[in-house]
Amino acid sequence: MIDRRTFGKVLGLGIGAAALPLTSLGGAASASAAAQRRAGIPTVPTITPGTHTSFAKLKHIRAGLLNVGYAEAGPAHGPVVFCLHGWPYDIHSFVDVAPLLAAEGYRVIVPYLRGHGTTRFLSPRTFRNAQQSAIALDIVALMDALRIDKAVLAGFDWGSRTADIIAALWPERVKALVSVSGYLITDVEAQKEPLSPKAEYAWWYQYYFATERGRRAMVDEAKRRDLGRLVWDTVSPTWGFDDATFERTAAAFKNPDYAAIVIHNYRWRLGLADGERRYDRFEKRLAARPVIKVPTVTLDAERDPFIAPGDGASYRDWFAGPYAHRTLQGIGHNLPQEAPTAFAQAVVEADHL
């Protein structure tokens, strides 16, 4: 999920700066589309969410500390896009996005993050660490293993944070960025300060995971599945997904390291679990909230309970390169799967900024 400090800040913006939704812009949306056509930006065809249910290619590769499971679509020598998922989700958040981008000539790579799906640690002795820089370095290692020097990075939730970090610390590896919910780099010290009760209410699962009771719920496969389903229902209130859609993703929760990774991620963010010293130099740089200078499109989902009005104003100053922002009306937290055409179009737009 998104950074609770960013959520708390944006709550104070009020309704005066309400975002313009893509699905209700009327003439403005048409004008924007026309401008993109004049600029030579391809228009991604509209598809119904749920058109695709699986990936044609699933692969594995040793990268860094992991044997990474990933889906791939599109031409082998096309410009590369990495699509990065969040929690409690998996690669199927991009099951409609990938073929749309592949049809535009992109090589699309969708990895399971550590602790998810078919991704496995190479050694049983490796600490099951889910601090932000460790996950980001997984993706850098995957790029190295695949011999990809530079790519468009696009993600939501944990995936947005991961893409933001790589863009901030290793901008030479990022051609462009699509970040749902904007700037999500975590400042652990700032996270220790309480927010207003209204803001804290949305983060119930973080505090649940901080307890032994919550950890035991994650260890129990049935309870973790039910908790994931509750989160889906809560944060995507308008998404009419069926049981089969959820179950395809829930299969990724059966990874033997899933519980440890999820619990460590949220405890670490709240300052309740230590990271590893090997990542200290990266976390020190991230604590300074570095500005992202690569071309970026940020997306907000209007029905996501973690998004308040503001049209991206709360994080605009952290993006210093070519930039565009969109808010999607009627869409919830799992934006790529709920609005695949809009997400794919944002990738194409970012690549042309």
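This is a predicted model: local features need pLDDT of at least 70, side-chain atom pairs count only at pLDDT 80 or more; totals for chains, interfaces and linings use all residues.
**Surface and overall make-up**

I began with the surface: the protein chain exposes about 14,100 Å², and carbon and sulfur atoms supply 54% of that area. Next I looked up the secondary structure and found 15 helices and nine strands in the protein chain. I then checked burial, and 59% of the 353 residues are buried. For contacts with a separation of 6 or more, I found that residues 24 or more positions apart account for 81%.

**The core**

Which residues touch the most other members of the largest nonpolar core? I got F82, W87, L101, V178, F209 and F343, out of 108 residues in that core. Helix α4, residues 132-145, gives the largest share of this core, with eight residues.

Leaving out residues up to four places away in sequence, F82 touches I109, I139, L142, M143, L146, I148, A151, V152, L153 and A154.

F209 was my next stop, and I found this residue in helix α8, which covers residues 204-209. Is F209 buried or exposed? I count F209 as buried, because its relative accessibility is 0% and the cut-off for buried is under 20%. Beyond four places in sequence, F209 touches W87, G214, M218, L227, V262, I263, Y266 and R267. I also checked F209 against H264: they are 55 residues apart in sequence and 8.8 Å apart in space, C-alpha to C-alpha.

**A histidine in a loop**

I went to H116, which is found in the loop between β4 (107-111) and β5 (120-121). H116 has a relative accessible area of 0%, so I wrote it down as buried. What does H116 touch, not counting residues up to four places away in sequence? My list for H116 reads H85, W87, Y89, W158, A252, N255 and Y258. W87 turns up here as a contact of H116, and W87 is also on my list for F209.

I stayed with W87 for one more check. A cis peptide bond joins W87 and P88, with omega at about -5°. P88 is found in the loop between β3 (80-84) and α3 (97-103).

Then I looked at positive phi values. D157 has a phi of about 60° although this residue is not a glycine. I placed D157 in the loop between β6 (151-155) and α5 (158-169). D157 counts as buried, because its relative accessibility is 1%.

R289 also has a positive phi, near 55°, and is a residue other than glycine. I found R289 in the loop between α13 (280-287) and β8 (296-301). Relative accessibility for R289 is 16%, so R289 counts as buried given the cut-off of under 20%.

**The second largest pocket**

I finished with the second largest pocket, which holds about 290 Å³ of space. Its lining has 18 residues, and Q131, V188, E189, W268 and E283 lie nearest the centre. The elements that give two or more residues to this lining are α6 (188-191) and α13.

Which element gives the most to the lining of the second largest pocket? I found that α13 does, with four residues.

Conventions. Residues are numbered from 1 along each chain as its sequence is written. Side-chain values use heavy atoms; hydrogens and water are left out. A nonpolar core is a set of buried Ala, Val, Leu, Ile, Met, Phe, Trp, Tyr and Cys residues joined through side-chain atoms within 4.5 Å. Buried means under 20% relative accessible area, exposed over 50%, partly exposed in between (1.4 Å probe, protein chains only). Contact means heavy atoms within 4.5 Å. Accessible areas come from the Shrake-Rupley method with a 1.4 Å probe; for residues, only the protein chains shown count as cover. On a 1 Å grid over the protein atoms alone, a cavity is a set of points where a 1.4 Å probe fits but cannot get out, and a pocket is an open set with protein on both sides within 12 Å along at least five of seven lines; lining residues have an atom within 4 Å of a point. Grid points are joined across faces, edges and corners, and a volume is the space filled by probe spheres set on the points.
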